[in-house]
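Hi everyone, thanks for coming. Please have a look at the structure on the screen, and I'll walk you through it step by step.

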Amino acid sequence: KEAIELVEKDTVQAAEKLWGAIVALIKLHASIKGVFVEWTHDKLYNYVTRNVEERHRKLFRDLLKAGEPLHRYFYEKGMDYEAFKDCWKDAVELVEKVKELVYASLK
């Protein structure tokens, strides 16, 4: 929610908030499965490969791949606005898809 509120005001902060939401969503999935996951990129990918159902792995990997440029943007700030918006759109769409899967597993 904070990321979406910030996207028109502060793209750098919005990008990092969205990355945080991506990581939190994957960690929620891990929590549901009873698996502890550290916040490092490699461990997130390892978790996806080892613990996400095979039919959903690509979606989770795509989510990480979509979020990483936004996370990098927070530190490097070199992305122009149009590139940011493209990355943002892709990441938000994938968050929604993964969120549906994760929330469905809570029921």
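**A walk through the model**

Buried residues, meaning those under 20% relative accessible area, make up 37% of the 107 residues in the protein chain. On that scale, exposed means over 50% and partly exposed lies in between, with a 1.4 Å probe and protein chains only as cover. Before I go further, a word on where this comes from: this is a predicted model, local features need pLDDT of at least 70, side-chain atom pairs count only at pLDDT 80 or more, and totals for chains, interfaces and linings use all residues. Residues are numbered from 1 along each chain as its sequence is written, and side-chain values use heavy atoms, with hydrogens and water left out.

Let's start with the overall picture. How many helices and strands does the protein chain have? There are 5 helices and 0 strands, where helices (H or I, at least four residues) and strands (E, at least two) are DSSP runs numbered from the N terminus. Read from the N terminus on, the order is α-α-α-α-α. The radius of gyration of the protein chain, taken over C-alpha atoms, is 14 Å, close to the 13 Å that the globule rule (2.2 Å times the number of residues to the power 0.38) gives for 107 residues, so the chain is as compact as a globular protein of that length. Its C-alpha trace spans about 35 × 25 × 20 Å along the principal axes.

Now for contacts, which means heavy atoms within 4.5 Å. Take those in the protein chain between residues at least 6 apart in sequence: 57% of them join residues at least 24 apart.

Next, please find helix H5, residues 81-106. H5 has 26 residues and reaches 36 Å from its first C-alpha to its last, close to the 38 Å expected at 1.5 Å a residue; the expected span is 1.5 Å times one less than the number of residues. Which residues of H5 are buried? They are Phe 84, Cys 87, Trp 88, Ala 91, Leu 94, Val 95, Val 98 and Val 102. The buried residues of H5 pack against helix H1 (2-6), helix H2 (11-33) and H4.

Val 102 comes up again when we turn to His 29, one of its contacts. His 29 sits in helix H2, and at 6% relative accessibility it counts as buried. Leaving out residues up to four places away in sequence, His 29 touches Tyr 47, Asn 51, Val 52, Glu 53, Phe 60 and Val 102.

On to charges. Side chains of opposite charge can pair when their charged atoms come close. The structure holds 7 salt bridges, each being a side-chain nitrogen of Lys or Arg within 4 Å of a carboxyl oxygen of Asp or Glu. I'll show you some of them.

One joins Lys 33 and Glu 53, at 3.1 Å from N to O. This pair links distant parts of the chain, 20 residues apart: Lys 33 is in helix H2, and Glu 53 is in the loop between helix H3 (41-51) and H4. Lys 33 is partly exposed at 38%, and Glu 53 is partly exposed at 28%.

Another joins Lys 89 and Glu 93, also as a salt bridge, at 3.1 Å from N to O. Why are Lys 89 and Glu 93 separated by about one helical turn? Because they are 4 residues apart in helix H5. Lys 89 is partly exposed at 49% relative accessibility, and so is Glu 93, at 40%.

There is also a salt bridge between Lys 43 and Glu 38, at 3.7 Å from N to O.

Let's finish on the surface and in a loop. Ile 32, Tyr 103 and Leu 106 form a nonpolar patch on the surface, with about 280 Å² of accessible area together. Patches are made of residues with over 30% relative accessible area and no salt bridge, with like charges joined within 9 Å and nonpolar side chains (Val, Leu, Ile, Met, Phe, Trp, Tyr) within 5 Å. Finally, Lys 77 lies in the loop between H4 and H5. Lys 77 has a positive phi of about 55°, although it is not a glycine.

Notes:
Accessible areas come from the Shrake-Rupley method with a 1.4 Å probe; for residues, only the protein chains shown count as cover.
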